[in-house]
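Dear colleague,

I am handing over the structure below, and my notes on it follow directly after. Please read them with the model open beside you.

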Amino acid sequence: MPRLVPIRICSPRKSTVARGHLDEIYVCHMLKAFFHAFDATGYAVLSRKLGICWSGIKYDNYGDWEEKGDDQIRAMLAEQARDPAMANTCFVYWNHRPLTNDKWVKMLAGAGFKVIERRTLGEIKARIAGQAQASLDSWTAAPGAKGET
């Protein structure tokens with residue numbers, strides 16, 4: 001069974017710290033809730049400048065003008081997906097905004113990452129905790145849920 005890691009797209013709302021952990025850099029309320037929910041187990045953020053960023057690691061903060069375009073992000077993610085350490089990782093993407101965040105889910109999957117979508121933090125926690133060991137059919141039949149890829 002792959003290692004399940006919660007992930008979400010970054011936010012342009014950032015602190016003024018020059019360098020820090022993800023929870024010190026991003027100040028968006030939704031990301032703060034995400035960080036709090038998975039602080040004990042770890043999480044990742046899809047950065048528009050750095051690609052996959054991991055909790056527990058310090059990163060340089062950056063301005064919006066430093067963000068990469070979609071093609072550059074795709075190339076960066078494809079390179080990160082080739083890392084052998086990623087072979088046994090499946091991201092559980094918190095897609096509480098399916099109309100705008102599907103782009104990021106598709107970008108991760110297109111780069112070669114295994115990715116599952118969930119709409120709520122509770123659904124992600126349950127999936128990671130192994131409390132939702134349902135078949136593919138039941139996941140895809142659930143209202144608002146998408147299947148595993």
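Contact is taken here to mean heavy atoms within 4.5 Å, and the structure itself is a predicted model. With that in mind, what covers the buried residues of helix H4 includes the strands E1, E3, E4, E6 and E7 together with helix H3. Those buried residues are Asn 101, Asp 102, Trp 104, Val 105, Met 107, Leu 108 and Ala 111. H4 itself takes in residues 98-111, and its 14 residues reach 19 Å from the first C-alpha to the last, close to the 20 Å expected at 1.5 Å a residue. After H4 comes Gly 112, which has a positive phi near 110 degrees.

Turning to the sheet, five strands form an open arrangement in the order E4-E3-E1-E6-E7, and their pairing is mixed. Its edges are strand E4 (51-54) and strand E7 (114-118), each of which pairs on one side only, while neighbouring strands are turned against each other by 35 degrees on average, direction ignored. Within the sheet, strand E1 (residues 3-9) and strand E3 (residues 44-47) run parallel and are joined by three bridges, and Arg 8 stands opposite Val 45 in E3.

Helix H3 (residues 70-81) lies across E3 and E4 and runs at about 55 degrees to E4. Helix H5 (residues 121-129), by comparison, packs on the sheet by touching E1, strand E6 (89-94) and E7, and its direction makes about 160 degrees with that of E6.

With kind regards

Notes
Residues are numbered from 1 along each chain as its sequence is written. This is a predicted model: local features need pLDDT of at least 70, side-chain atom pairs count only at pLDDT 80 or more; totals for chains, interfaces and linings use all residues. Side-chain values use heavy atoms; hydrogens and water are left out. Two strands pair if DSSP finds at least two bridges between them. Helices (H or I, at least four residues) and strands (E, at least two) are DSSP runs, numbered from the N terminus. Axes are lines fitted to C-alpha atoms, for helices over the stretch in contact, and angles run from 0 to 180 degrees between N-to-C directions. The expected span of a helix is 1.5 Å times one less than its number of residues. Buried means under 20% relative accessible area, exposed over 50%, partly exposed in between (1.4 Å probe, protein chains only).
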